[in-house]
Amino acid sequence: MTLISSAIASEAAQASAEPKMDPLHHFEVHKFVDLSLFGFDISISNSVLWMWIACGFAFLFFTQGIKGGKQVPGRLQSLVELGYLFVLEMAEDIIGKKDGRKFFPYIFTLFYFVLFCNLSGLLPGSFTPTSQIIITGTFASIIVGFALIFGFYNHGLHYLKFFVPSGIPVLLMPLMIPIEIISFLARPVSLSVRLFANMTAGHTMLAVMFFYVLTLPIFASWLPFGFTVVFTGVEIFIGFIQAYIFTILTCVYINDAIHMH
Amino acid sequence: MENSAAALIGMGLAALGFAGSGVGLGTLFGKAIEAIARQPGAEAQVSKYIWIGMAFVEAIALYGLVVVFIIMSKG
Amino acid sequence: MISVAYAAAEGQAKSAGVPQFEPSMFEHQIFWSVISFLILLYLLNKHVIPAINELLDVRAKKIEDDLNSAQAARQEAEKVQADLNNKMTSANKVASDVFEQARVEANLHREQALEELAVELEKKKSAAVEEIEVAKKKALADVQSVVVDVAIMATEKLIAKNVTKAVAGKMVEEALQDIEKNKANLH
C-alpha cells in the first residue's frame, strides 16, 4: 500500500534520525507533467492519474459485465445489473419515477465515480482522489449550485419560498430565514467534508497502524497488523456507504429543487 | 514554541468531538435495536436507515478531525 | 511504486502541513475532476446505460411472455381437466344406467320364470289328480268284480246251490248299496 511505501519512504529519508510518524504523507499530490491551458493549471498529478484509473475500472467493470448480454446472467453480469438497479431504485424512490429517470445518468455516474475513487485508495501503492477536499468540494458545489439554478429555473422566484419554513409564526421569521439560508449554504460544505474526512480518517488510521507495524518489535507488531487487516474491510464498507450517502444527498437536493420540500 | 504547544493542545481538544459521535452512535444503535425488538418485521427497513444514520453520525466526529487538520496547517 | 519514488526523491522537503490544504494543487484537480466526470458520464451514458436498459427490458418482456404462455397453458390444462371430468361423470352415469336396466331385466326374467314354473306345476298337479282319479275308479271296479266273484263263491259254498250270476250280481249290488248307505249314515 501507499501507506507502507510512505512509511518506508519516511524511514528511508531519515535513516539516521529517529523514525517520525507522518500519516498524512500519502495524501500528498505530486505533479508528473506540468501543463497549462490559457493560464489555467491542468497538470497531471497522481491524484488525476488515479482518478482516471478509477474511471477506467468503473467503465471496464460495466462493459465487461454486459458483454454478450446474456438473458441468464453470469456472476459479473448479475453484479452489474444489481448495481444498476440499486442506483435506479434510489433515484426513482427519492426524485420520483419520471424525473428520476431524467437525472439517472448523472446520479449513476456520480455514484460509480465516487465509489471507485473511494475503493481505488485501497489498492497497494495507490492514491485516493476522494480524500482530496478540493475534488469532493468541486462536486459538492457543482451539485448544490446546479440544484439552486434548477430550482429557480423550475419555479422562478417562487423558489425563494424554499427558505421560508411553513407553519411558523411571522414573528419568528427573521430568526428562521437566516437559519434556513445558512443551512442551505452549509450543504456543499457538509457534503464535501463528510466524504473527504471519512476517506482521510480511514487512510490516516491505516497509516498510523502501518507505522507501528514497521517500528514495533516483532512480538508486538502483529497486533497493529491484524488491526489493519480488519480495518481494510471496514474501509471497503465505508467506501460504499459514503458513496451511497453522497449520491442519496444529491438526489435529495435535486428533489428539493424539483418539488420544493 | 508556545504557538505550537497551543496548537497541539487545541488538536487534542478537537479530538474530544468524538465523544459526541460516540453518544450519537450509541443512541442510534440502541434505538434501532429497540425498534427491531418491538417490530421484527421492520428489520430490513430499520437496518437500511441505521447505516445511513451511522454514516451521518460518524461524519460529525470527522468534522472534528477537519478542525485538527486546519490547526495543523496553520501551526 | 510511483509514490515511493516520489517520496524518496522529495524526502521531507514538504513542510509539516496537511497535504489536502495545499492551494497550489487545487486548480488542476478541479479541472481534471470535472473533465473525468464528464468523460465517464459520456462513456457510461453512451455504452453502458442503454445496453443495460435494453437487456433488462428484453428480459422483462421475455418473462412477461413466459408468464402469459404459462397462463395460457394452465387454462388449456384446466379445460382439458374439465372435459375429462365431464366425460368421467357421463360415463359413470351410462354405466349406472346400464346396470340398473340389467337389474330390472333380470328381475323381470326371474318373475316370468317363476310364473311359468308355477303354471307348469299346476298343470302337472291337475294331471296327476286326474290320473289318480282314473286309477281310483279302475281300482274300485276291479275291487267290485273281485268282490262279486268272492261273494258268488261264498254264497255257492254257503247255500250249495247254484245261484245265477245275474242274481248274485243283484244281491252284491244291493249289499254294496247298503254299505254305501251305512257309510253315508255313519258320516
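Predicted model: local features only at pLDDT ≥ 70, side-chain atom pairs only at ≥ 80, totals over all residues.
1. **Chain C on its own.** Chain C has three helices and zero strands. Read from the N terminus, its elements run α-α-α. The chain has 187 residues, and 14% of them count as buried.

2. **Extent of the C–A interface.** The size of an interface is often given as the accessible area lost when the parts come together. For chain C and chain A that area is about 4,800 Å². Carbon and sulfur atoms account for 73% of it. Chain A brings 62 residues to the contact, and chain C brings 45 residues.

3. **Polar links between C and A.** The rule finds one salt bridge across this interface. Its partners are Arg59(C) and Glu81(A), with the closest N and O atoms 2.8 Å apart. Six residue pairs are in polar contact across the interface of chain C and chain A, with both residues at pLDDT 80 or more.

4. **What chain C presents to chain A.** Two elements of chain C give two or more residues to this side: helix 1 (2–10) and helix 2 (26–159). Helix 2 of chain C gives the most, with 27 residues. Sorted by class, the side of chain C that touches chain A holds 27 nonpolar, 13 polar and five charged residues.

5. **The C–B interface.** Here four residues of chain C meet four residues of chain B. The buried area is about 360 Å², with 77% from carbon and sulfur atoms. Between chain C and chain B there are zero salt bridges. On the chain C side that touches chain B, three residues are nonpolar, one is polar and none is charged.

6. **Aromatic pairs, overall.** How many aromatic pairs does the rule count over all chains? The total is 26. A pair of aromatic rings is described by the distance of the centres and the angle of the planes. In chain A, ring pairs link a cluster that includes Phe61(A), Phe62(A), Tyr84(A), Phe86(A), Phe104(A) and Phe108(A). Phe111(A), Tyr112(A), Phe116(A) and Tyr244(A) also belong to this cluster.

7. **A pair that spans the chain.** Among the aromatic pairs over all chains, counted at 26, is that of Phe62(A) and Phe108(A), which is tilted. The centres are 5.1 Å apart, and the planes make an angle of 55 degrees. This pair links distant parts of the chain. Phe62(A) sits in helix 2 (residues 46–65) and Phe108(A) in helix 4 (residues 97–120) of chain A, 46 residues apart. Phe62(A) has a relative accessible area of 0%, so the residue is buried. Phe108(A) is at 0% relative accessibility and therefore counts as buried.

8. **A pair within one helix.** Tyr112(A) and Phe116(A) form a tilted pair. The distance is 6.3 Å centre to centre, with 45 degrees between the planes. Both residues lie in helix 4 of chain A. They are four residues apart, about one turn of the helix.

9. **Asn198(A).** This residue belongs to helix 6 of chain A. Its relative accessibility is 3%, so Asn198(A) counts as buried. The side chains of Asn198(A) and Gln242(A) are joined by a polar contact of 3.4 Å. Neighbours within four places in sequence are left aside in one entry: Asn198(A) is in contact with Val193(A), Ile238(A) and Gln242(A), among others. Its contacts also include Glu58(B), Ala59(B) and Leu62(B) of chain B.

10. **Tyr212(A).** Helix 6 (residues 173–215) of chain A holds Tyr212(A) too. At 32% relative accessibility, Tyr212(A) counts as partly exposed. Neighbours within four places in sequence aside, Tyr212(A) is in contact with Met21(A), Ser221(A) and Pro224(A). Where does His155(A) stand relative to Tyr212(A)? The two are 57 residues apart in sequence and 57 Å apart in space, C-alpha to C-alpha.

Terms used. Residues numbered from 1 in each chain as written. Chains lettered and ligands numbered in written order. Heavy atoms only, no water. Contact = heavy atoms within 4.5 Å. Buried area = accessible area lost by both parts, 1.4 Å probe. Salt bridge = Lys/Arg side-chain N within 4 Å of Asp/Glu carboxyl O. Polar contact = N/O pair within 3.5 Å; in protein donor to acceptor, adjacent residues only side chain to side chain. Nonpolar A, V, L, I, M, F, W, Y, C, P; charged D, E, K, R; others polar. Phe/Tyr/Trp six-rings, centres within 6.5 Å; stacked < 30°, edge-to-face > 60°. Buried < 20%, exposed > 50% of the residue type's maximum accessible area, 1.4 Å probe, protein only.
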